[in-house]
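Please consult the sequence and the structure while reading.

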Amino acid sequence: MKPHRGRTGAVLAAAMLMLVLTACGQAKLSDRQPNRSSPHHDGGFTIGLLLPSRQATRWQQFDRPLINSRVHKLCRTCTVRYVAGGADAAAQQRQAQSLLSSGIDVLIIGSVDSRAARPAVREAAAAQVPVIAYDQLAEGPISGYVSFSGKQVGKLQGKALLKALGPEAPRRSIVMLNGSPNDPNASDFKNGALSVLRGRVEIPKEYDVLNWNPSIAYTDMAAAISAVGPDRIDGVYAANDGLAFGAVAAMKAANIRPLPPVTGQDADLDAVRRIITGEQYMTVYKPFSREARAAAEMAVALGRGKSVADIATGTVSNSSFQDIPSVVLEPVSLTVADIETVIKDGMYTVDQICTPEFRSACARAGLLE
């Protein structure tokens, strides 16, 4: 019987060893991925923030600090863990994986490429990390979406351009510099603009500018000038301020004077200055504080295990999921007559806009009274 007892003891010892090793392994896993089965009602948690680094100054200057500030007002013990935005989808995927492996509880992602963001969103879902798509509707199982109405942005741009062209618009020609083809917002901007412009103005050249790159916009605009002729470009639909910058630079290089009306989006500081000097006709101002506020409120609610239904104002769908809680905000058209809007909203100060180089233009715009 002794040999039998010995074998039994060995089996029991092995079983105990396996339990210990399993427990250790589970402890290490929980270190990387905190248990999200019970919500953080009172304690702090970590929100991962991943924004793009495409050519728009808004992400670092406005969205990041606004989100961070609102989160901390709602949850003093919460942490916002930010990773500098990737320049492309592959880099953003690696950064998302880094955030997930660090043990975040919620992820806010402004994706570089909505379709390419799907693997990151799925990995987050597998780790029980809810995802909020910020400014761009990402693919995959997201828990919330916050942005501005893309079609309304395009409509505002199109209406402003028609107004600038005046009653002769049907006999005028414009160049369209649309946003990046890998950004679903870009198609909304474009469709919104075309709903206003189609049939009311000639569009001999149109380009989709990859990654919203101003350098590519410059090249495309230069090609349009060569193909259409500098004297036949009466306006430029530029989907954002970075593309507007590329278009203006190309027209200056071609000695086009005076510059035709150019649209934009995001109310970048340089764009506001171009509007004051007359190099850009308008931009679309999107009060980022409202967008950041909604995203922060959703993130804190999800981190506490609560519903975002009371925060959402509607629902949207991506290619895989229906009825995603959303907050879709209304943008504002901004011309030289409306520049004070961004000052009153605290986006910029007069001193920030009216540096010595722009003092005379600011005076003409009535900003120095």
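Strand E1 (residues 46-50) pairs with strand E2 (residues 79-83) in the parallel sense over 5 bridges. Strands count as paired if DSSP finds at least two bridges between them; helices (H or I, at least four residues) and strands (E, at least two) are DSSP runs, numbered from the N terminus. This is a predicted model, in which local features need pLDDT of at least 70 and side-chain atom pairs count only at pLDDT 80 or more, whereas totals for chains, interfaces and linings use all residues. Residues are numbered from 1 along each chain as its sequence is written, and side-chain values use heavy atoms, with hydrogens and water left out.

| Strand pair | Bridges | Facing residues |
|---|---|---|
| E1 and E2 (residues 79-83) | 5 bridges | Ile 47 and Val 80 |
| E1 and E3 (residues 106-109) | 4 bridges | Gly 48 and Leu 107 |
| E5 (residues 144-148) and E11 (residues 324-329) | 4 bridges | Tyr 145 and Ser 326 |

These strands belong to an open sheet of 7 strands with mixed pairing, in the order E2-E1-E3-E4-E5-E11-E10. Its edges are E2 and strand E10 (314-316), each of which pairs on one side only. From one strand to the next, the twist averages 25 degrees.

In a regular strand, side chains alternate between the two faces of the sheet. In E1, Thr 46, Gly 48 and Leu 50 are on one side and Ile 47 and Leu 49 on the other, and all are buried (under 20% relative accessible area, with exposed meaning over 50% and partly exposed in between; 1.4 Å probe, protein chains only). Helix H3 (residues 89-101) lies across E1, E2 and E3 and runs at about 170 degrees to E1.

Helix H7 (residues 214-228) packs against helix H8 (residues 241-253) at an angle of about 45 degrees, with the axes 7 Å apart. Axes are lines fitted to C-alpha atoms, for helices over the stretch in contact, and angles run from 0 to 180 degrees between N-to-C directions. H7 and H8 are therefore oblique to each other (angles under 35 degrees count as roughly parallel, over 145 as roughly antiparallel, 65 to 115 as roughly perpendicular and the rest as oblique).

Thr 335 is located in the loop between strand E12 (332-334) and helix H11 (340-344). Thr 335 counts as buried because its relative accessibility is 16%. Apart from neighbours within four places in sequence, Thr 335 is in contact (heavy atoms within 4.5 Å) with Ile 275, Tyr 281 and Met 282.
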